[in-house]
Amino acid sequence: MPSEAARGLVTGVSGRIAIVVPNLYQPYFSRLAEMLIDELARRGLRSTIRLTEDVPARERDAVMGVSTGDADGVLICPHHLNDALLAGRRPPLPVVQIGSTPTAGVAGVAMDEFGGALAAARHLVSVGRSRIAYMAQMDGDGGPRLEAYRFALQEAGIDVDPALIVRGEDWDRRDTGLESTIGLLRSGIRFDALMCINDAVAIGALRALQAAGVAVPRDVAVTGFDNTVEGEFTVPSLTTVDPGTDTMARAAVECLVAQLQGEAPGAPAEAPTTLIVRGSSR
């Protein structure tokens, strides 16, 4: 049960914190939510899960208290939250943003996406791969993971082939990796590695490669990002990037509790990333 001391930390009377994620079918978000729930419970705070279903307006409403009015604070791992979405408004309650590009006026714990993706790309180059496909670019410029891919190839003197940058519909679904890899195989474009935006996409890609009789890693090496539990049990096991999920969860809750106690949030923190090399790229 929540302690009276913990209840005294909060600005209201609920002792409840809203954990806001786009969905729970993506293993990264479900694991992060679980860690946040555990961290809050250790401080005597209760939690409630809110899903935005990848709708920008729902992320804005969660941060601005429209859909989280019953909570004393918000921990949000968004896809779309940014300065333009808030239009200069500041949240009316304590909020901590986790894992994405910082938003003005919102405390945050960032993920080193560029550094983690750079380590994965450099690893693929180091094991002799030169036709490395990136899967999958979503809307916009592709973000820091695609930027790291391009940087690593240029650093190694490898031309960036636009035909190897594969677009996808939903980076949270294994289907994106499955369908995009099938399309890449059917195109006839030669590739000897797949650098996937996350583990979910990579697991779908592994399924497509295996169904096509493509040996991993002999013919095609594969990397993911997120270090989800699933990756340990694929065949072969998945090389991935650990984004420091546990570190982000602890730091985010500490930052939120500090705000609930009336302290001003410090500068955005950044969790370290670690490359975990497994069978899919050896």
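Setting aside neighbours within four places in sequence, Tyr149 touches Ala121, Ile132, Ala133, Tyr134, Val160, Leu164, Ile165 and Met195 (contact here means heavy atoms within 4.5 Å). The model is predicted, with local features needing pLDDT of at least 70 and side-chain atom pairs counted only at pLDDT 80 or more, while totals for chains, interfaces and linings use all residues. Residues are numbered from 1 along each chain as its sequence is written, and side-chain values use heavy atoms, leaving out hydrogens and water.

Tyr149 also turns up in the largest nonpolar core, a set of 68 residues, where it is listed with Leu36, Leu75, Leu194 and Val222 as having the most contacts inside. A nonpolar core is a set of buried Ala, Val, Leu, Ile, Met, Phe, Trp, Tyr and Cys residues joined through side-chain atoms within 4.5 Å; buried means under 20% relative accessible area, exposed over 50%, and partly exposed in between (1.4 Å probe, protein chains only). Apart from it sits another core of 14 residues, including Val20, Val63, Met64 and Val106.

Now to helix 7, residues 174-187 (helices are DSSP runs of H or I, at least four residues, and strands are runs of E, at least two, numbered from the N terminus). Its buried residues are Thr176, Gly177, Ser180, Thr181 and Leu184. They cover an arc of only 115° around the axis, so they end up on the same side of helix 7 (the arc is taken from the directions from the helix axis to the C-beta atoms). These buried residues pack against strand 6 (132-137), strand 7 (165-167), strand 8 (193-196) and helix 8 (199-211). Exposed Glu179 and Arg186 are on the face turned away from the buried side of helix 7.

Definitions and conventions
Expected span 1.5 Å × (residues − 1).
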